[in-house]
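Some notes on this entry follow, as numbered points.

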Amino acid sequence: MYSLKVARIGCGSCVAKINLALKALDDAAEIAIDRLAGIIQVKSDVSLDEIRNTLNQIGYPTTVV
């Protein structure tokens with residue numbers, strides 16, 4: 001499982017956009033988003049780099065926690 005600190009998760013629409021992008025990358029991914037803390041936890045077979053690149057491309061830069 002990967003834990004990422006994500007900048008700029010401001011609303012439910014942001015959460016939906018992140019979920020959609022990660023599910024497009026790996027439909028079987030398990031995703032938990034704590035919007036207030038700005039933390040995303042992802043359990044996936046996709047590499048951490050691919051997940052971070054995907055989030056960066058949609059405007060959500062990350063750091064590994």
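1. Which residues of the largest nonpolar core touch the most other members? The model is predicted, and in it this core has 13 residues, with Ile-9, Ile-18, Leu-22, Ile-40, Ile-51 and Leu-55 touching the most other members. Strand 1 (2-6), helix 1, strand 3 (39-43) and helix 2 are the elements that give two or more residues to the core. Helix 1 supplies the largest share, four residues.

2. The two helices named above also pack on each other. The axes of helix 1 (residues 12-25) and helix 2 (residues 48-57) come within 10 Å, crossing at roughly 140°. Angles over 145 degrees would count as roughly antiparallel, so this pair is classed as oblique. The crossing is right-handed.

3. On the helix 1 side of this contact are Ile-18, Ala-21, Leu-22 and Leu-25; they meet Glu-50, Ile-51, Thr-54 and Leu-55 of helix 2. By type, the residues of the contact are six nonpolar, one polar and one charged.

4. Ile-18 deserves a separate entry. With neighbours within four places in sequence left aside, Ile-18 is in contact with Ile-9, Ile-33, Ile-40, Leu-55, Ile-58 and Tyr-60.

5. Ile-9 lies in the loop between strand 1 and helix 1. Its relative accessibility is 10%, so Ile-9 counts as buried, the cut-off being under 20%. Not counting residues up to four places away in sequence, Ile-9 touches Cys-14, Val-15, Ile-18, Ile-33, Arg-35, Gly-38 and Ile-40. Gly-59 is 50 residues from Ile-9 along the chain, yet their C-alpha atoms are separated by 9.9 Å.

Note on methods. Residues are numbered from 1 along each chain as its sequence is written. This is a predicted model: local features need pLDDT of at least 70, side-chain atom pairs count only at pLDDT 80 or more; totals for chains, interfaces and linings use all residues. Side-chain values use heavy atoms; hydrogens and water are left out. Axes are lines fitted to C-alpha atoms, for helices over the stretch in contact, and angles run from 0 to 180 degrees between N-to-C directions. Angles under 35 degrees count as roughly parallel, over 145 as roughly antiparallel, 65 to 115 as roughly perpendicular and the rest as oblique. A crossing is left-handed if the near helix is turned anticlockwise from the far one by less than a right angle, and right-handed if clockwise. Contact means heavy atoms within 4.5 Å. Ala, Val, Leu, Ile, Met, Phe, Trp, Tyr, Cys and Pro count as nonpolar, Asp, Glu, Lys and Arg as charged, and the others, Gly among them, as polar. A nonpolar core is a set of buried Ala, Val, Leu, Ile, Met, Phe, Trp, Tyr and Cys residues joined through side-chain atoms within 4.5 Å. Buried means under 20% relative accessible area, exposed over 50%, partly exposed in between (1.4 Å probe, protein chains only).
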